[in-house]
Amino acid sequence: MPSVRVRPALAAVTAAASLVAACHATPRPLPVPAPVRPEWRAVELALPDGAAGRPVPRDAARCAGRWYVVGGLVDAAGETRPAVWSSSDGVTWSPIPVRGQTFYGRQHVLYAVACRDDGMAALGAKTGGVHGNPRTGTWVWRPGGPVREVPAAFELFGG
């Protein structure tokens, strides 16, 4: 029986000795990564047909070789409306039609976007109502159609 107890202890000592032997007295220097040098350049976000205002982009995402930028348009009076743009190369951008269904949805500025495969979803909001709470909503898009608001109960996002 004593030999059975010695074998696990001997294996543990051998493993510990191997780990100590693998250590170096002087640490090896870590490789220095190459510096990141992004090339920033301005691009134009085309206005949707019949739209006036200044684009206010808020978020971007890339999926399946396509970029999406969401935000809104602000007109001279300060009124807003949701807007979405798409690009395959990140340089040339095209607006995607947007269809709001609710009073506040038609005034949303979209502030977050996510995508998967060839679909896209976004969150938008507009401050309003008697208490000035953000009126938040969700938006979805599938190729060939407009970005559309998904109507939700007022209480879903805390009013």
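This report describes strands, nonpolar cores and selected side-chain contacts in one structure.

## Basis of the model

The structure is a predicted model, in which local features need pLDDT of at least 70 and side-chain atom pairs count only at pLDDT 80 or more, while totals for chains, interfaces and linings use all residues. Residues are numbered from 1 along each chain as its sequence is written, and side-chain values use heavy atoms, with hydrogens and water left out.

Strands, labelled E, are DSSP runs of at least two residues, numbered from the N terminus. Strand E3 spans residues 80-87 and is mostly covered, since 7 of its 8 residues are buried (under 20% relative accessible area, with exposed meaning over 50% and partly exposed in between, for a 1.4 Å probe and protein chains only).

Two strands are said to pair if DSSP finds at least two bridges between them. E2 and E3 pair in the antiparallel sense over 8 bridges, with Tyr68 standing opposite Ser86, and in their hairpin, which has 5 residues between the strands, Gly78 takes a positive phi near 90°. E3 also pairs with strand E4 (residues 94-96), again in the antiparallel sense, over 3 bridges, and here Trp85 stands opposite Pro95. The hairpin of E3 and E4 has 6 residues between the strands, and Gly90 in the turn has a positive phi of about 80°.

## Surroundings of Ser86

Ser86 lies in strand E3 and counts as buried because its relative accessibility is 6%. Its side chain is joined to that of Arg66 by a polar contact of 2.7 Å, a term for a pair of N or O atoms within 3.5 Å in which, within protein, one must be able to donate a hydrogen and the other to accept it, and for which residues adjacent in sequence count only if both atoms are side-chain atoms.

With neighbours within four places in sequence left aside, the residues in contact with Ser86 (heavy atoms within 4.5 Å) include Arg66, Tyr68, Thr92 and Ile96.

## Nonpolar cores

A nonpolar core is a set of buried Ala, Val, Leu, Ile, Met, Phe, Trp, Tyr and Cys residues joined through side-chain atoms within 4.5 Å. The largest one has 15 residues, and Tyr68, Val70, Val84, Met120 and Val147 have the most contacts inside it. Strands E1 (54-63), E2 (66-74), E6 (109-116), E7 (119-128) and E8 (133-141) each give two or more residues to this core, and the largest share, 3 residues, comes from E6. A second, separate core of 7 residues includes Ala51, Leu73, Trp85 and Trp93.

In the hairpin of E7 and E8, with 4 residues between the strands, Gly129 in the turn has a positive phi of about 80°.

## A salt bridge between loops

Side chains of opposite charge can pair when their charged atoms come close. The count comes to 1 salt bridge (a side-chain nitrogen of Lys or Arg within 4 Å of a carboxyl oxygen of Asp or Glu), and in it the side chains of Asp118 and Arg142 meet at 3.4 Å, N to O. The pair links distant parts of the chain, 24 residues apart, with Asp118 in the loop between E6 and E7 and Arg142 in the loop between E8 and strand E9 (147-150). Asp118 counts as partly exposed because its relative accessibility is 36%, whereas Arg142 is exposed, with a relative accessible area of 52%.
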